[in-house]
Structures are given as C-alpha cells and as structure tokens.
Amino acid sequence: MPSMANSHYKQTNGTISNNDSRRQKILEQRKSLPIAAVEKRLVEEVRNNHTLIIVGETGSGKTTQLPQYLFKAGFCHDGKLVGVTQPRRVAAVTVAKRVAEESGVQLGQRVGYSVRFDDMTCGSTRIKYMTDGLLLREALLDPRLSRYSVIVVDEAHERTVHTDVLLGLLKNVQKARSQSANESVGRANSNNDTNLEKANGVQMASPLKQGQVAKLPPLRLIIMSASLDARIFSEYFGGAKAVHVQGRQFPVDVFYTLHAETDYVEAAMVTIFQIHLEEAPGDILVFLTGQEEIESVEGLVRDKLPQLPEGNRNIVTVPIYASLPSEQQMKAFMPAPDGFRKVILATNIAETSVTIPGIKYVVDPGVVKARNYNPRTGIESLSIIPTSKAQALQRSGRAGREGPGKCFRLYTEREFEKLADSTVPEIKRCNLSNVILQLKALGIDDIIGFDFMEKPSRMAIVKSLEELFLLGALTEEYKLSDPIGNQMAKLPLDPIYSKALILSSQFNCLEEMLIAVSVLSVESIFFTPREKQEEARTAIKRFSSPEGDHITLINVYKSCDEFLESGNANSSKEKTFKNMKKWCKENFVNGRSLRHARDVHRYGSSLKAYCERTDALSGSNNLKIICLSQIRDHVKQMGLRIASCGEDMLLFRRCLAASFFLNAALKQPDGTYRALASSQMVQIHPTSVLFRAKPDCIIFNELVRTNQNYIRDVTRIDPMWLTELAPHFYARQD
Ligand code: ADP
Ligand code: MG
C-alpha cells in the first residue's frame, strides 16, 4: 500500500513546529469530516460496485477526501490514476491545492490538476482534478481512458452539458473496458468479479496479437452529487448503487424582502452594510451573476465605506468567479485580516463547487446567468434568470456549515413559491455544435441515437449539425470533414472561433485572429467603474477603431505588449507585472482579464513548468498538446501559417465575415438590426464602439438578453462580402 509519508515536503529549520502544528490541525479537521466516519465502507462499496453514486451535503468531504481514500486503498497501483472531474476550473484548481496540502505533497506531483490552458500534473501524478470538458478532450486521444482506474464525476447534479455528455461517454468506455477485461481472463475462471479484480493486477506488458486491443482493468465510475436526485443517475446506469453520506448542517434563518427589489445590485450593497452594522461577526457570501456585477458591487462598497462611522470600516471584499486567475481566486479562501469582516462576492461557483470556510451570512438576489438556446432561430444567448428552489436552498445552506447562520433573499416569499423546483439541465438549453463536433471526432456518428442521460430536442441536434455543416466541419453526409472538421475538433474553442483561426491563416491574419480569439475567450477586458464612466470612455477612445470592437480589442492587447516591450527588456517578472498593472489602471483596462487573455494566447501560466516536465512525459506529449497548450501552440502544431496582415485590417475584417457569417446583421430603417440567419431583431450594446456609428452591415460575437436583445463585440463589414465569402449560405438570399 502506498505510504502517506511525503518525500517532496522539505522543511527548513525554524518552521518545523509551525508546519507540524498546521499539519496536525489539518489532520484533525480531516478526521472530523462526516465522510471520515464511513471511509472503510465507501472503499468497500467502490471495490464491489463498478458504478457507484455518492450523495452528500456540501462540505461533508466528498471532493477532497474520497480520492485520497482510494489512493490509500491501492486504486492507483500500476501507475493508474484516479481522475476527478469538476464542472468548473476554479473548483479543480482550488481543490487540488487543498488536497496536495492535506497529503503533504507539492502540487503537481502526486496530486495535480489540469484545466484548459493550464496544467499542473506530471508523470507521477496519481490524483488528478480536472474539468469535465478536459476529460472529454482527453478521450479524443485515448478513447478508453486507459490511464485511469477510477473516474469520479463530481457535482453531477449541476448537469452541465459536459457532464451529461461525459456520462454517456463513460458508459461506453466502461462497456468497452469490461469486455476487454472479460476477454482477457474469462477463459481461466467463470467467476467474473474475482477475475476482474485479478485483471486489475495483471501486467499488461505481453505483446498484443493482431487486431487485439490492450487489456485494461474495468473502469470504475463514481458519480457524486450534493442534492438528492440519485435516482435518475442510478436509473441511467442500470440501477447502480447509491450511498448517502450524512452531512452536518446547522439551522439557517431565511429572510425575504417585503417588496420586490428593482435593483438587486444596489439592494445587495445595502444588505451587506446592514449585516455588517447589525449582526454578530462572521463572513458574508453574496451571490452575483458575473464579473461585471461583482466589480460593480466592489466599487459601491468601496465608495460607501468612508460614510460608515469610524471603527466600523473593518470590511474587505474579495471576488471569486470562473475567469478570475487562480492566484486571485485563492484570496477568497484566506481569512480576513484580524478584526475585519470578509465579504465574498461570488458567482454561483460558491453554490456547491467550492467550500469557503467562515461563512455565516448569505445574501441571495435569486438570479443566475444562464445559457439559453432557441433551436428554431439557432440563437444561443446569455440571460439573467431566476434560480430554482433547489439552488436557493443550496445557497442558504452555505451559511450553516460551521454554526447557525442567516440567509437574506433579496426577493419576496411569494416569488420564492413561484420558482421552479430544479434547474433544467444545460444540454436542453444550449447550442450543441461544440459537443457534437467532439462526439463526431470520437467516432460517434449517430448523434440522435446517442444514449444521452436526457436527450436534447431533435430540433436542437439538427440545427447544430446544420451549423457545423455550414462552417465546413461536416460533410454533406454529416461526417467529420478532413482537414477542416478534424482541425476544428482539435482546437479547445467554440467551433466558430476555431473556424476563424483556420481561415485566418488563408487571409494572412492569423496573428491578429489569435489575439482576437484569446480576448473574446475571457471576460470583458474593459473596466468601467460606475463613478468614472466618462473618464473610462475617453480612455477607451484611444484604442477604439472606427471599424469596430474586434480591432479595438486587438489594439488594446498590442498597446499593452508595446508598452511592456518599451520598458527595460531585462526587468524582472515582478517589475513587468507591476508595470502592466499600472498601465491597465491608467487605461481603464481590466488587468485580470488581459492577463488571462495573454495566458490563453501564448504565455500560459504554467507553460514554463510544462516545458520543464515534457521529458518526463514522453508518451503523453500528444495529450498535452491537444488538451493544454496555448492556442498559438495549437495552430503551429496543426501546421497553419502564422502571418500578420500588418496595417491592412481589411483582410482581417473579411476573414471575420467569412467565419462569423452566421452572426451577420443588417441595419433597419429605425436604427435597430435584423440578424440575417435568424431574423431576430437585435441592438448594438451601448459598450460597443459602434453603438453610435451604426454601420449598415455588421457581424457580432454574441447575443446577450436583458430587457433587450443586445449584440456585443461588433465589427463593420461590407454586405457584398457575405455573398462572396459565404455563398453556400447567402447566394440564395438577397
Ligand atoms: P464536499 O465535496 O462534500 O462539498 P469538500 O471535500 O469540498 O466537501 O470539503 C470538505 C471540507 O474541507 C470543507 O468543509 C472545508 O472545511 C475543507 N476545505 C475544502 N477546501 C478547502 C480549502 N481550499 N481551504 C480550507 N479548507 C478547505
Ligand atoms: Mg464537492
């Protein structure tokens, strides 16, 4: 049995007692978790059941402890991995850090994580946290997931589209591996179960006969969920066993507003101060819908702080959301300075996927940003919608982890009664072209016949197939096309972005498109504080292009690069970082987003570590490249020609028209726009540089639905380009 002792953990003189006491504390904390009492039983259940469902209250220790139990029980012998998937990258990163610390090893060694564009694993990693999307991509190169002995699908109740597709895929992988294990040992003994256990220990080194696939131990699958809907998972997996882990939950008093709130952002700010002034010590967790809202509340709190009586200004805010760089996310987990109250401003990330200690109060406006898809129009939009009752309950539960707590719902009790019981799975409300492309690349051609846990509508599938065909990823027989479809499936991006990159190599503007796609893949790189809107607008004008937002974004990115290059080339990393921060502040650019975009593009936060480790990984280099490297490496690897169009941005805009033709819109006499593919009426978002100019014909990046249908990231094009560059779609129309 592998020892829990740690060889990587070096302690220097003088810190031993400190570290020892910290480790002691962690050990005690681990032992006191509800799951610790059932460790033996859980390990037994995993041994006896190829598929197991574990349901337990958030905070009971499922995510951090179970993988460690499995490691200890020997599920990683033969160099196999326990993989744990999370719907969100932030959860994968923070949990891996915590588990590495608990096991006393360096992150990236025995315990690691792997998320899009960021990898912290090595050849000796045995417990690997990752996003569900990343495991789907791994399956492209290793269809039987041969490196894993156990896969834990965590947070399955969230039912993200990736989780749903992954479950279908894992069902197939399990079947394939059971068959291969049966074939390998079935002749010797007829008792299947003991044989499968034996197969687990069999050395797989013998040369394969022609046509025979490598023998693998069966894949164990564990599905973990916070809410109590084990039944549907169990039914899907042929009556798989479900076990419940008793959680610990203190009572939480729930308060509603008497009247509906018109501005929940403002109401959240008022509630934060009310709690701070009237309630006992304890941290506050506020649920908001996204980065912009979080920054807006941060600003409001900062502005109001000086108005509080002296002695009451001891409050700190910390943001946490998916696209926040991980070093910054970790701040939410650190205790507030002595005597301060911490206010965590979070997206629904904090609902179940991460457990932040110290929360006593929850502020819940009752809304969430969600994807919505209309298969008739083919339009996917982001909109802010009410949460479900199940979500509201999860949120209030966060206040009762360590003691009794309070939850302030910023809506009326009547409104609560009207909420839906549970959230509709994402697969029923999103554009499916991304997952269909991946399934096709995995050799699953019959999408309508695929065994989904919950089938998306036929119309949604057909619409997405059609879209992939129009983008050139599928042939007329709806097979993956070569090379375009294959190349698109390899890129870890939305199909439309992948198409833009591939085309841009022909339009001689791949450099520019790489920047545009990187920036579009992160949240807004502009930062407009409520109180400095005019100043911010003036600052943005310095970068803005009359041609539209895409070129404006590229201008910002390039200006920052130029500024950094103009400084001392030999200056230290810290100095560069500091300079960039200052530059961003002066130019009203969101430093966090810009840095993230740079990571996606080419500088990847752990890219250096990756280069250092590649020797140790000889066999799985391909895997690294397809799953983890920055997009610039991807396109190089694919052999695309990286060239710049220099000042000739006409080429770039033509390339945008050729790839985003499904998102083209024409101006109407009243100044609004008609989206050509869907005939939807839309308006340019006020943050666009083209908001006032209103050109005749445009392409846009996304549709956001608030009280209006707003389109964001808009660029001016010539309508004639559409018939010229996308004749298969526009030649028939006028
Ligand atoms: P579950 O998956 O059942 O919701 P977790 O395994 O995520 O539970 O968390 C179990 C406990 O571990 C939490 O209640 C918390 O006390 C502790 N914990 C988890 N992550 C961290 C962290 N990053 N920092 C400090 N404590 C943590
Ligand atoms: Mg968990």
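This is a predicted model: local features need pLDDT of at least 70, side-chain atom pairs count only at pLDDT 80 or more; totals for chains, interfaces and linings use all residues.
Local features need pLDDT of at least 70, side-chain atom pairs count only at pLDDT 80 or more, and totals for chains, interfaces and linings use all residues. Residues are numbered from 1 along each chain as its sequence is written, while chains are lettered from A and ligands numbered from 1 in the order in which they are written.

**Ligand shell**

Ligand 1 is surrounded by 15 residues. The closest are Gly59, Lys62, Thr63, Thr64 and Arg98. A residue counts as near if its C-beta atom, placed from the backbone, lies within 6 Å of the molecule. Helix H3 (62–72) and helix H4 (89–102) each supply at least two residues of this shell. H3 gives the most, with four residues. Helices are DSSP runs of H or I with at least four residues, strands are runs of E with at least two, and both are numbered from the N terminus. By class, the shell around ligand 1 holds three nonpolar, ten polar and two charged residues. Here Ala, Val, Leu, Ile, Met, Phe, Trp, Tyr, Cys and Pro count as nonpolar, Asp, Glu, Lys and Arg as charged, and the others, Gly among them, as polar.

**Domains**

The domain assignment gives domain 1 (24–179 + 216–244), domain 2 (252–427) and domain 3 (431–490). These bounds come from an automatic or database domain assignment. Why does ligand 1 lie between domain 1 and domain 2? Both domains give residues to its shell, so ligand 1 lies between them.

The C-alpha centres of domain 1 and domain 3 lie 28 Å apart. Their contact takes eleven residues from domain 1 and nine residues from domain 3. Two residues are in contact if their C-beta atoms, placed from the backbone, lie within 7 Å. On the domain 1 side, helix H5 (132–141) and helix H6 (161–185) each supply at least two residues. H6 gives the most to that side, with six residues. By class, the side has eight nonpolar, one polar and two charged residues.

**Strands**

An open sheet of six strands runs in the order S9-S16-S13-S10-S12-S11, with parallel pairing. Strands pair if DSSP finds at least two bridges between them. Strand S9 (252–256) and strand S11 (315–320) are the edges, each pairing on one side only. From one strand to the next, the twist averages 20 degrees. Helix H10 (residues 291–304) packs on the sheet and touches S10, S11 and strand S12 (341–346). The direction of H10 makes about 170 degrees with that of S11. Axes are lines fitted to C-alpha atoms, for helices over the stretch in contact, and angles run from 0 to 180 degrees between N-to-C directions.

| Strands | Bridges | Direction | Residues opposite |
|---|---|---|---|
| S10 (283–287) and S13 (359–364) | Four | Parallel | Ile284 and Tyr361 |
| S14 (367–374) and S15 (379–386) | Eight | Antiparallel | Val368 and Ile385 |
| S15 and S20 (697–705) | Three | Parallel | Ser383 and Arg705 |

S14 and S15 form a hairpin with four residues between them. In its turn, Gly378 has a positive phi of about 75 degrees.

**Phe526**

Phe526 lies in the loop between helix H19 (510–520) and helix H20 (533–541). Is Phe526 buried or exposed? Phe526 is buried, with 22 other C-beta atoms within 10 Å. Buried means 20 or more such atoms within 10 Å of the residue's own C-beta atom, exposed means 12 or fewer, and partly exposed lies in between, with C-beta atoms placed from the backbone. Phe526 touches Ile540, Phe588, Val589 and Asn590, not counting residues up to four places away in sequence.
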